[in-house]
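Here is a short briefing to read with the model open beside you. Please have your viewer ready and follow the topics one by one.

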Amino acid sequence: MKCAIILAGGKGTRMKADCPKVMCNVIFKPMIGHVVDAVKEAGAEDICVITGYKHEEVEAYLSSDIKTALQQPQLGTGHAVMQATDFIKEHAEDDILILNGDGPLMDAETINKAYAYHKENNNSITLISALVDDTEGIGHIKRDDNGTLLRIVEHKDATPEEKKINESNAGCYWFYGADLLYALGNITNNNAQNEYYLTDTLEILISAGKNAGAYVVENSEVILGANDRKQLNDLNNIMRRNINTKLMLDGVDIPCTDGVIIGKNVKIGNSTVIMPNTIILGDTVIGSNCTIGPNTYIDNSTVGDNVILDNCKILDSTVEDGVDAGPFVKVRANSTLKKGVHIGNFVEVKNSTVGEGSKSAHLTYIGDSDVGSDVNFGCGTVTCNYDGKNKSRCKIGDGAFIGCNTNLIAPVEVGEQAYIAAGSTITDSIPEKALSIARARQVIKEGWVDIKKPYKEKK
């Protein structure tokens, strides 16, 4: 059985954030969220997160199936893992992955390749390492002349010669559970920081005659973490580049990647074009042959084939095939734009269904409404769905024509093929095929200006 311990207790002083470091976002998602996703995708069946600074925030974010253990005070990575002793005892006969909660680029493929290496060599401990150009601040992996692992030397404790070693410890390990318990029981804090280093477990297990190895990653970027905002920006750029590259190789057209940010869970069909300054997040699914953007934001929504979304914001909604929307359109939660709908500039749809082929070309609010097919909304139409206390719905039948500057005072129903004259305020339901005029009759008073003289007379 695979299980995992994620270290997530750090404050991240250099990040200068109010939240715990692991709650800082990469592609609009906390770093700890990316790590948990990778661990679950790799097949871990039980997860324990070690919390510390502002632990309540981390615990509130994690799903209920994840266990937590609090580290207070924080006396090093080894001390952090000691807080999960009960979890480790429960999994003494299992393989336990330990990794950092601020390493969002670590992926399931790397985790599982390291696990395969761990099992093939019958190791008690397998660490993940990478060859790096910049050795400042890394954990240096020391080997003998034959390449056999000896120990990990923290940079602050390393000699000048050891600081030249460019094989870096990723802070990610596979352990056999019982051997991890043994090693934790023998860690000391005899070092420059008076802390308990998890890295010391390597030398302890080697000294006990146990098998140890290091899996060297093919891509050193997967081991990167962030200690400050600049490094956080680097992680965002790397993840954004990787996601966009994969999508382009799968047939998505991104002619200019400037401002294009797409979440890892997003699925996009081939021949869809993603224009600049477009952000697509959550579990969004977009079909084929669409044009998305520029300047479009989509979150947790479904978009069909042959859709055009120009300067749109789509939230928790469904956009069916052939919809044309924008510019400056907002579709709020629980809305559906049916096949062939046209939504034009400065239109907002909220908690509504707009039927097939219906059109709202400009300056309209459709809220809490059930709209049939082939309905035409004139400019300036508003469904008045809120009376200050309650939300009510409007129902508009197939083929209805809503004149410009119409107010529909919900709850009200407009029958099929009914017409509403421009400038009307509708408070009563309208039968099908009827014409409704709800406005004051025009009155003309000739000569009124000369009589009333509402202006100042010129001297």
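Helix α1 (residues 31-41) is mostly covered, with eight of its eleven residues buried; buried means under 20% relative accessible area, exposed over 50% and partly exposed in between, using a 1.4 Å probe and protein chains only. This is a predicted model, in which local features need pLDDT of at least 70 and side-chain atom pairs count only at pLDDT 80 or more, while totals for chains, interfaces and linings use all residues. Residues are numbered from 1 along each chain as its sequence is written, and side-chain values use heavy atoms, with hydrogens and water left out. Helices (H or I, at least four residues) and strands (E, at least two) are DSSP runs, numbered from the N terminus.

**Helix α1 and what follows**
- The buried residues of α1 are Met31, Ile32, Gly33, His34, Val35, Val36, Ala38 and Val39.
- Just after α1 comes glycine 43, which has a positive phi of about 105°.

**Where α6 meets α7**
- Helix α6 (residues 177-184) and helix α7 (residues 200-207) have axes that come within 9 Å and cross at roughly 105°; axes are lines fitted to C-alpha atoms, for helices over the stretch in contact, and angles run from 0 to 180 degrees between N-to-C directions.
- On the α6 side, Asp179, Tyr182 and Ala183 make the contact, and on the α7 side Thr201, Ile204 and Leu205 do; contact means heavy atoms within 4.5 Å.
- By class, these contact residues are four nonpolar, one polar and one charged; Ala, Val, Leu, Ile, Met, Phe, Trp, Tyr, Cys and Pro count as nonpolar, Asp, Glu, Lys and Arg as charged, and the others, Gly among them, as polar.

**The nine-stranded sheet**
- Nine strands form an open sheet with parallel pairing, in the order β13-β16-β19-β22-β25-β27-β29-β32-β35; two strands pair if DSSP finds at least two bridges between them.
- β13 (267-268) and β35 (412-414) stand at the edges with a single partner strand each, so one side of each has no neighbour in the sheet.
- Within the sheet, β25 (residues 336-337) and β27 (residues 353-354) run parallel and are joined by two bridges.
- Threonine 336 has threonine 353 of β27 as its bridge partner.

**Serine 129**
- Serine 129 lies in strand β7 (residues 125-131) and is buried, with a relative accessible area of 0%.
- Its side chain makes a polar contact of 2.8 Å with the side chain of glutamate 167; a polar contact is a pair of N or O atoms within 3.5 Å, where within protein one must be able to donate a hydrogen and the other to accept it, and residues adjacent in sequence count only if both atoms are side-chain atoms.
- Leaving aside neighbours within four places in sequence, serine 129 is in contact with residues including Ile141, Ser168, Ala214 and Val217.

**Backbone points to check**
- Most residues other than glycine have a negative phi, and most peptide bonds are trans.
- Glutamine 72 and proline 73 are joined by a cis peptide bond with omega about -5°, and proline 73 is in the loop between β5 (67-70) and α3 (77-82).
- Another cis peptide bond runs from glycine 293 to proline 294, with omega near 5°.
- Phenylalanine 28 has a positive phi near 60° and is partly exposed, with a relative accessible area of 47%.
- Asparagine 277 has a positive phi of about 60° and is partly exposed at 42% relative accessible area.
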